[in-house]
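Subject: Structure for your review

Dear colleague,

Please find below the structure that I am handing over to you, with its sequence. My notes on what was found in it follow directly after.

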Amino acid sequence: MEAKASARYVRVTPMKARRVVNLIRGQQAHEALAILKFAQQGASEPVFKVLSSAVANARQTADQKGLPFREEELVVSEAFVDEGPTMKRFRPRAQGRAFRINKRTSHITLVVATPENEEVR
């Protein structure tokens, strides 16, 4: 069984979000939530929300299909961050010049699944 969750247009740069996502890729879901809860990076909060949403989606899918649900078995099988649209802002600089500031956004996607040998049962 697998479940997916994504957050789009998150106001964090993709490079910073990828550093956080790399911490949890391949981890158990409950361990990944603990890692994100205590991570110092600012991008850990939206990633935490997406991961908890993916776990809730897995629980909902299991309830709908009548399958037993054990959160301890869930693993972060896929985790990636894509770049969203960039907001362009301008700041005044010396001698009448303007300097462009890029405010980047991210699309965060996480997939949690049970290990393959558990699905065969």
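I begin with Tyr9, which belongs to strand β1. Please keep in mind that the model is predicted. The phi angle of Y9 is near 60 degrees, a positive value in a residue that is not glycine. As background, most residues other than glycine have a negative phi. Q95 also has a positive phi, of about 60 degrees, although Q95 is not a glycine either. Q95 sits in the loop that connects β3 (87–92) and β4 (98–103). With a relative accessible area of 72%, Q95 is exposed, because the limit for that word is over 50%.

The next topic is the sheet to which β1 belongs. Three strands make up an open sheet, in the order β1-β5-β2, and their pairing is antiparallel. Strands β1 (2–10) and β2 (75–83) are at the edges; each has a single partner strand, so one side of each has no neighbour in the sheet. On average, neighbouring strands of this sheet are turned by 10 degrees against each other, direction ignored. Between β1 and β5, the antiparallel pairing extends over seven bridges. Within this arrangement, A3 stands opposite V112 in β5.

T109 is part of strand β5, which comprises residues 106–113. Is T109 buried or exposed? T109 is buried, because its relative accessibility is 8% and the limit for buried is under 20%. Leaving aside residues up to four places away in sequence, T109 touches K4, A5, S6, E78, A79 and F80. Of these contacts, K4, A5 and S6 fall within the range of β1 (2–10), while E78, A79 and F80 fall within that of β2 (75–83).

I turn now to the helices. Helix α1, residues 14–24, lies across β2 and β5, and runs at about 175 degrees to β2. In helix α2, residues 29–37, the residues A29, A32, L33 and L36 are buried. These four cover an arc of only 100 degrees around the axis, which means that they are on the same side of α2. What covers the buried residues of α2? The cover includes α1, α3 (44–65) and β2.

Yours sincerely,
A colleague

Conventions:
Residues are numbered from 1 along each chain as its sequence is written. This is a predicted model: local features need pLDDT of at least 70, side-chain atom pairs count only at pLDDT 80 or more; totals for chains, interfaces and linings use all residues. Side-chain values use heavy atoms; hydrogens and water are left out. Helices (H or I, at least four residues) and strands (E, at least two) are DSSP runs, numbered from the N terminus. Buried means under 20% relative accessible area, exposed over 50%, partly exposed in between (1.4 Å probe, protein chains only). Contact means heavy atoms within 4.5 Å. Two strands pair if DSSP finds at least two bridges between them. Axes are lines fitted to C-alpha atoms, for helices over the stretch in contact, and angles run from 0 to 180 degrees between N-to-C directions. The arc is that of the directions from the helix axis to the C-beta atoms.
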